[in-house]
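Have a look at the fold before reading on.

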Amino acid sequence: AHAATAAWEIAHQAPAWHRPAVWIHGDLQAGNLLTHHGRLSAVIDFGCLGMGDPACDVMAAWTYLSAEIRDVFRAELSVDDATWARGRGWALSIGLIALPYYQSTNPVLAGIARHAINEVLADHRSAS
C-alpha cells in the first residue's frame with residue numbers, strides 16, 4: 001500500500017496536459033487490441049474515443065509491456081516526462097480498480113490488472 005501510494009503521488013504531482021487535446025482511444029484493454037502473427041494489427045471498440053490527455057492511452061505501456069519493451073515504446077512515442085508519469089498513474093489506477101473487481105470473476109482481466117500494478121511498482125522502485 002505504501003509503494004502504491006508513493007507511485008500514485010508522483011503521478012498526481014506531474015504537470016497537467018496543457019497542450020491541445022489529442023485523439024485518445026480511452027479503453028486500450030486486451031479485448032480491444034487485435035493481433036496478427038504476434039503484431040498489433042487493429043484497435044477496436046471506440047466507445048470511449050475522444051479528445052484529451054495522451055497519458056490516458058500511454059498507460060498501456062504498464063498494462064501489457066515488460067520494462068525492456070516499455071523503454072522502446074516510450075522512445076517511439078517521444079512523450080515528455082510528465083505525460084509518461086501521468087500514464088503510469090493511469091495504469092496504476094486502472095489496475096487497482098480492476099483487480100478486486102475481476103479477482104473472482106475473470107482471472108484473465110485480474111491477471112492484467114496485477115501485471116499493471118507490478119510493473120508500475122517496479123518502475124517506482126527502480127526510480128527511487
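## H5 against H6

Helix H5 (residues 81–102) and helix H6 have axes that come within 8 Å and cross at roughly 145 degrees. For the terms: axes are lines fitted to C-alpha atoms, for helices over the stretch in contact, and angles run from 0 to 180 degrees between N-to-C directions. Helices (H or I, at least four residues) and strands (E, at least two) are DSSP runs, numbered from the N terminus. The model is predicted, with local features needing pLDDT of at least 70 and side-chain atom pairs counting only at pLDDT 80 or more, while totals for chains, interfaces and linings use all residues. Residues are numbered from 1 along each chain as its sequence is written, and side-chain values use heavy atoms, with hydrogens and water left out.

The H5 and H6 crossing is left-handed (the near helix is turned anticlockwise from the far one by less than a right angle; clockwise would be right-handed). On the H5 side the contact (heavy atoms within 4.5 Å) is made by Arg 88, Ala 91, Leu 92, Gly 95, Leu 96, Ala 98, Leu 99 and Tyr 102. H6 brings Pro 107, Leu 109, Ala 110, Ala 113, Arg 114, Ala 116, Ile 117, Val 120 and Asp 123. Sorted by class, that contact has 13 nonpolar, 1 polar and 3 charged residues. Here Ala, Val, Leu, Ile, Met, Phe, Trp, Tyr, Cys and Pro count as nonpolar, Asp, Glu, Lys and Arg as charged, and the others, Gly among them, as polar.

## H1 meets both

How do H1 and H5 pack? Their axes are 8 Å apart, at an angle of about 140 degrees, and the two helices are therefore oblique to each other. The cut-offs: under 35 degrees is roughly parallel, over 145 roughly antiparallel, 65 to 115 roughly perpendicular, and the rest oblique. This crossing of H1 and H5 is left-handed. Ala 4, Ala 7, Trp 8 and Ala 11 of H1 make the contact with Ala 85, Arg 86, Gly 89, Leu 92 and Ser 93 of H5.

Now for H1 (residues 2–13) with H6 (residues 107–127): the axes come within 10 Å and cross at roughly 75 degrees, which means H1 is roughly perpendicular to H6. Ala 3, Ala 4, Ala 6, Ala 7 and Ile 10 of H1 meet Val 120, Leu 121 and His 124 of H6. That contact divides into 7 nonpolar residues, 1 polar and no charged.

Ala 7 sits in H1 and is buried, with a relative accessible area of 7%. The scale calls a residue buried under 20% relative accessible area, exposed over 50% and partly exposed in between (1.4 Å probe, protein chains only). Leaving out residues up to four places away in sequence, Ala 7 touches Leu 92, Val 120, Leu 121 and His 124. Ala 7 and Arg 88 are 81 residues apart in sequence, yet 8.4 Å apart in space, C-alpha to C-alpha.

Beyond four places in sequence, Glu 119 is in contact with Trp 62, Leu 65, Ser 66, Ala 67 and Arg 70.

## The hairpin and positive phi

Strands S2 (residues 33–36) and S3 (residues 39–43) pair in the antiparallel sense over 4 bridges; pairing asks DSSP for at least two bridges between two strands. His 36 stands opposite Arg 39 in S3. The hairpin has 2 residues between its strands, and His 37 takes a positive phi near 55 degrees there.

Asp 45 is in the loop between S3 and strand S4 (50–52) and is partly exposed, with a relative accessible area of 40%. Ser 78 has a positive phi of about 55 degrees. Ser 78 belongs to the loop between helix H4 (67–77) and H5, and is exposed at 61% relative accessible area.
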